[in-house]
Amino acid sequence: MSMEFTDRVTRVEPSATLAISALATELENDGADVVDLSVGEPDFPTPENVVEAGKAAMDAGHTGYTTSAGILALREAIVDKLADDGLEHTTDEVIVTPGAKQALYEVIHALVQEGDEAVLLDPAWVSYEAMVKMAGGDLTRVDLSPHDFQLEPALDELADAVSDDTDLLIVNSPSNPTGAVYTDAALEGVRDLAVEHDITVISDEIYKEITYGVEPTSLGALEGMADRTITVNGFSKAYSMTGWRLGYFAGPEELIDQAGKLHSHSVSSAVNFVQHAGIEALENTDDAVAEMVEAFEQRRELVVELLAEHDVDVAVPEGAFYMMLPVDDDDQAWCEGAIEDAHVATVPGSAFGTPGYARISYAASEERLREGIERLAEEGYL
């Protein structure tokens with residue numbers, strides 16, 4: 001039997017980051033020692049108080065369905081967190097999801113239909129493109145690589161890219177894969193263009209708690225953006241809760257009503273006891289988060305120094321835990337060679353819309369980071 005598959009599935013490729021991670025796992029299963037710098041997963045355990053809150057919730061019987069949008073106590077905690085970021089929302093304007101990726105999927109599919117135009121700022125996280133394509137949308141891309149991945153000096157290019165026909169703009173600050181944190185002037189430029197052309201904006205703030213010496217601004221907090229911004233965030237990165245699968249989005253109630261249909265007919269709700277752990281993460285982990293961020297900053301400095309020893313200059317990230325390493329024009333071949341020859345896993349920049357680079361994640365121990373850079377140098381990849 002030959003099956004026929006839909007265009008919305010065949011028009012996209014599997015996640016490049018997860019594909020590289022799978023190859024690394026395969027090599028490890030064959031006995032190779034792989035330094036995996038490909039996946040954005042903190043190497044810290046989930047804070048113990050969060051784990052205990054999850055266990056306590058299970059012991060208390062919180063193992064059944066919840067309301068589709070999420071338990072009220074968690075949505076109240078999210079509203080408080082958003083208020084600290086300058087965003088005014090009610091609990092009716094929040095949906096809790098199984099991970100921030102699911103939040104993005106629901107929002108994009110609620111907003112984008114066949115032929116709609118979505119604008120990405122490259123390098124852009126790999127799944128934005130796939131989600132827009134699956135929704136039937138078309139992509140316009142603005143390359144930030146000539147500007148050390150910053151948005152402010154590229155505002156004229158963004159202005160040329162958007163128009164009254166633009167339906168959606170996706171902004172991710174701090175950025176995956178570059179670690180760039182966009183300036184207030186850059187975000188104000190986005191605001192001006194969004195208002196002028198009546199564009200809806202998704203602000204992906206999953207790395208907002210992980211910054212180094214800068215305070216990122218929430219796009220929806222700017223004047224004129226409250227009713228046209230959907231803010232997406234989650235628990236995987238800042239709280240080292242990747243496997244818990246917990247995220248959320250907040251936006252105008254009319255968006256919540258429509259995206260909520262997709263949510264209720266697909267995942268029903270996020271896991272009950274995980275939502276209780278999420279409350280603990282939001283309310284009682286400031287010290288643990290600060291410790292992780294301090295460690296990430298030290299690792300960032302280490303990698304920058306190690307690369308400089310091999311005359312490799314990089315745009316120093318101000319947030320998240322990634323940096324873009326300039327490599328050969330054929331970045332796919334470079335990354336494949338790096339994992340085969342040096343047993344170091346990275347992600348090709350072309351997966352993010354920016355050929356000629358490889359993304360390195362420094363969410364690994366200093367020992368493994370040193371080992372990875374040393375191997376790349378020894379095998380002639382630096």
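## Basis of the description

The model is predicted, and local features need pLDDT of at least 70, side-chain atom pairs count only at pLDDT 80 or more, and totals for chains, interfaces and linings use all residues. Residues are numbered from 1 along each chain as its sequence is written, and side-chain values use heavy atoms, with hydrogens and water left out.

Threonine 46 is located in the loop between strand E1 (35-36) and helix H3 (48-59). Helices (H or I, at least four residues) and strands (E, at least two) are DSSP runs, numbered from the N terminus. Threonine 46 has a relative accessible area of 15% and is therefore buried. Buried means under 20% relative accessible area, exposed over 50%, and partly exposed in between (1.4 Å probe, protein chains only).

Leaving aside residues up to four places away in sequence, threonine 46 touches Val51, Tyr239, Ser240, Met241 and Trp244; contact means heavy atoms within 4.5 Å. A polar atom of the threonine 46 side chain lies 2.7 Å from the backbone oxygen of serine 240. Serine 240 itself belongs to the loop between strand E7 (229-234) and strand E8 (247-250). Serine 240 has a positive phi of about 50° although it is not a glycine, and it counts as buried because its relative accessibility is 6%.

## Other loop features

Alanine 320 also has a positive phi, near 55°, in a residue other than glycine. Its place is the loop between helix H11 (286-309) and strand E9 (322-326). With 0% relative accessibility, alanine 320 counts as buried.

Cis peptide bonds occur at two prolines described here. One joins aspartate 122 and proline 123, with omega about 0°; proline 123 is in the loop between strand E3 (117-122) and helix H6 (126-134). Another joins serine 173 and proline 174, with omega about -5°; proline 174 is in the loop between strand E5 (166-172) and helix H8 (184-197).

## Threonine 231 in strand E7

Threonine 231 lies in strand E7 and counts as buried, because its relative accessibility is 2%. Not counting residues up to four places away in sequence, threonine 231 touches Leu82, Leu87, Ser203, Glu205, Tyr248, Phe249 and Ala250.

## Packing of H4 with H10

Two packed helices are described by the angle between their axes and the distance between the axes. Axes are lines fitted to C-alpha atoms, for helices over the stretch in contact, and angles run from 0 to 180 degrees between N-to-C directions. Helix H4 (residues 72-84) and helix H10 (residues 272-284) pack at about 25°, and their axes are 9 Å apart. H4 and H10 are therefore roughly parallel to each other. Angles under 35 degrees count as roughly parallel, over 145 as roughly antiparallel, 65 to 115 as roughly perpendicular and the rest as oblique.

The contact is made by Ala73, Leu74, Ala77, Ile78 and Lys81 of H4 and by Gln275, Gly278, Ile279, Leu282 and Glu283 of H10. These residues divide into six nonpolar, two polar and two charged. Ala, Val, Leu, Ile, Met, Phe, Trp, Tyr, Cys and Pro count as nonpolar, Asp, Glu, Lys and Arg as charged, and the others, Gly among them, as polar.

## Packing of H5 with H6

The axes of helix H5 (residues 100-111) and H6 come within 9 Å and cross at roughly 35°. Lys101, Leu104, Tyr105, Ile108 and His109 in H5 meet Ser127, Tyr128, Met131, Val132 and Met134 in H6. By class, this contact has seven nonpolar, two polar and one charged residues.

Methods. Polar contact = N/O pair within 3.5 Å; in protein donor to acceptor, adjacent residues only side chain to side chain.
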